[in-house]
Amino acid sequence: MSKPDITPRRSFLAENPSVMWFLGCLGLFTLGVTVLAEGFGVALLSTSMVKILGMTLCLCLIAVAMDVVWGYCGILSLGHFAFFGLGGYAIGMWLMYARTESIVVESLANAPIPPTQEEINDAIATQIFGVVGSNELPLIWAFADSLFMQLLFVVLVPGLLALVFGWLAFRSRVTGVYLSILTQAMTLALSLYLFQNDTGLRGNNGLSGLQNIPGLLHLPQSTIALWFFWASAAALGLGYLFFAWLISGKFGSVIRGIRDNENRVRFLGYHVESYKLVIFTLTAVVSGLAGALYYPQAGIINPAEIAPIASIYLAVWVAIGGRGRLYGAVIGAAVVSLASSWFTGGGAPDIDLGFYTINWTDWWLVLLGLGFVAVTLFFPRGIGGLFDMLVRKS
């Protein structure tokens with residue numbers, strides 16, 4: 001009679017040391033930025049740079065979500081930046097309403113006759129929507145005065161849209177390039193809809209002044225930027241840990257099987273559509289949360305942020321970093337995002353060739369395209385794959 005196996009089961013983190021390495025590096029990076037930032041440390045990093053780094057962490061989080069849905073489940077979604085933008089709009093509505101309310105109340109405080117609540121509401125509506133020729137709050141702003149409700153919408157709006165869209169697409173067994181086209185069409189339709197002035201979200205003007213956090217206006221932007229940087233780092237760490245845990249067990253094996261051979265997984269008795277719907281919806285929710293942290297740091301959101309090209313860029317980041325590796329998605333998003341800020345923000349000096357001057361603001365997209373082609377041809381596993389090779393050789 002054989003002896004029972006009494007070997008203790010190793011913990012998730014023990015079986016996945018790369019997760020601990022990532023969290024450790026993220027913690028050290030967060031500590032370093034904190035010490036060097038204006039709001040806390042020796043002021044070697046400007047407030048604008050801290051905001052750029054915080055926004056980069058948010059982009060890394062949506063890149064991780066994109067890697068899970070594409071790199072692990074095989075669904076090339078060209079619509080996840082739409083969920084990112086919807087999360088930004090949801091929190092942006094509260095930020096803009098609360099900030100406008102404080103301005104209106106302060107301006108009417110010295111009126112000979114105290115204003116009624118209806119007069120305050122009318123003034124808020126005129127202040128926000130006067131730019132699009134309206135003086136009424138649309139119905140979708142009914143809960144804009146409630147932080148709790150708008151935070152709930154950060155999760156619910158992207159999640160419900162992904163759930164409905166995914167259920168319709170997956171139950172029809174739309175796959176491959178056709179599914180990618182559908183997600184891109186969804187994103188384009190949403191973007192074009194938001195460009196209209198009568199949508200209730202100020203059309204092309206978008207929502208602005210989001211960096212002014214109600215109740216914290218007495219604090220300098222250097223402090224606010226650092227707080228949002230910490231929140232972005234915590235969100236990335238928790239999101240990375242959650243997705244690493246999700247893909248490490250049986251669930252992860254099934255979705256990788258769906259990616260490699262969907263029909264075989266279906267013949268084995270798994271309900272493929274349910275697995276795809278869960279992954280699609282979960283990653284959409286995380287994308288919405290990333291957007292809710294990103295746009296208060298950016299200060300503005302408009303429909304151009306939801307245009308299909310943004311989701312295409314997201315796929316490029318994941319491909320450059322290394323599809324099917326969570327840390328690869330983080331590397332790709334961080335490298336491309338920071339490089340974009342440097343080349344388009346005036347950091348890269350122009351090159352005078354005598355007969356022509358290379359302005360990197362105009363040539364950045366060309367450089368990005370060439371980089372994507374080069375990685376695809378010579379390093380198909382991306383930057384993360386190069387890292388794997390170096391680790392194996394050492």
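# Close-up views of a predicted model

The structure holds 17 aromatic pairs, where rings of Phe, Tyr and Trp (its six-membered ring) count as a pair if their centres lie within 6.5 Å, and where planes under 30 degrees apart are called stacked, those over 60 edge-to-face and the rest tilted. This is a predicted model, in which local features need pLDDT of at least 70 and side-chain atom pairs count only at pLDDT 80 or more, while totals for chains, interfaces and linings use all residues. Residues are numbered from 1 along each chain as its sequence is written, and side-chain values use heavy atoms, with hydrogens and water left out.

View 1. F81 and F84 form a tilted aromatic pair, with 4.6 Å from centre to centre and 45° between the planes. Because these two residues are three apart in helix α4, F81 and F84 are separated by about one helical turn; helices here are DSSP runs (H or I, at least four residues), numbered from the N terminus. Both F81 and F84 are buried, a word that stands for under 20% relative accessible area, whereas exposed stands for over 50% and partly exposed for what lies in between (1.4 Å probe, protein chains only). A second pair, F143 and F153, is edge-to-face, at 6.1 Å centre to centre and with 65° between the planes. This pair links distant parts of the chain, since F143 sits in the loop between α5 (117–129) and α6, while F153 belongs to helix α6, ten residues apart. F143 counts as partly exposed because its relative accessibility is 41%, and F153 also counts as partly exposed, at 22% relative accessibility. Elsewhere, ring pairs link F81, F84, Y294, Y295 and W317 into a cluster.

**View 2. The largest nonpolar core and W141.** A nonpolar core is a set of buried Ala, Val, Leu, Ile, Met, Phe, Trp, Tyr and Cys residues joined through side-chain atoms within 4.5 Å. The largest such core has 114 residues, and among these F81, W141, L236 and L326 touch the most other members. Helix α3 (residues 47–72) supplies the largest share of this core, namely 17 residues. In soluble globular proteins, nonpolar side chains tend to be buried together. Leaving out residues up to four places away in sequence, W141 touches M93, Y97, I128, F129, G200, L201 and L207, where contact means heavy atoms within 4.5 Å.

**View 3. Helix α3, from its bend to its end.** The 26 residues of α3 should span 38 Å at 1.5 Å a residue, and its end C-alpha atoms are 36 Å apart, which agrees; the expected span of a helix is 1.5 Å times one less than its number of residues. The helix bends by about 25° at M66, the bend at a residue being the angle between axes fitted to the seven residues ending there and the seven starting there. Of the 26 residues of α3, 23 are buried, so this helix is largely enclosed by the rest of the structure. Just after α3, G74 takes a positive phi of about 80°.

**View 4. Helix α6, with its kink and its buried residues.** Helix α6 (residues 147–171) has 25 residues and reaches 36 Å from its first C-alpha to its last, close to the 36 Å expected at 1.5 Å a residue. A kink of about 30° in α6 is centred on F153. The buried residues of α6 include Q150, V154, P158, G159 and A162, and the buried residues of this helix pack against α4, α7 (176–194) and α11 (272–298). R171 lies over the face of W167, at 4.5 Å from the ring centre; a charge sits over a ring if NZ of Lys or CZ of Arg is within 6 Å of the ring centre and within 35 degrees of the ring normal. Just after α6, R173 takes a positive phi of about 55°.

View 5. T100 has its place in helix α4 (residues 80–108) and is buried, because its relative accessible area is 8%. Apart from neighbours within four places in sequence, T100 is in contact with I124, Q127 and I128, and the C-alpha atoms of T100 and A123, which are 23 residues apart along the chain, are separated by 9.1 Å. S180, in helix α7, is buried with a relative accessible area of 7%, and its contacts, leaving aside neighbours within four places in sequence, are L76 and L78. S337 lies in helix α13 (residues 326–344), is buried with a relative accessible area of 10%, and touches T56 and L59, not counting residues up to four places away in sequence.
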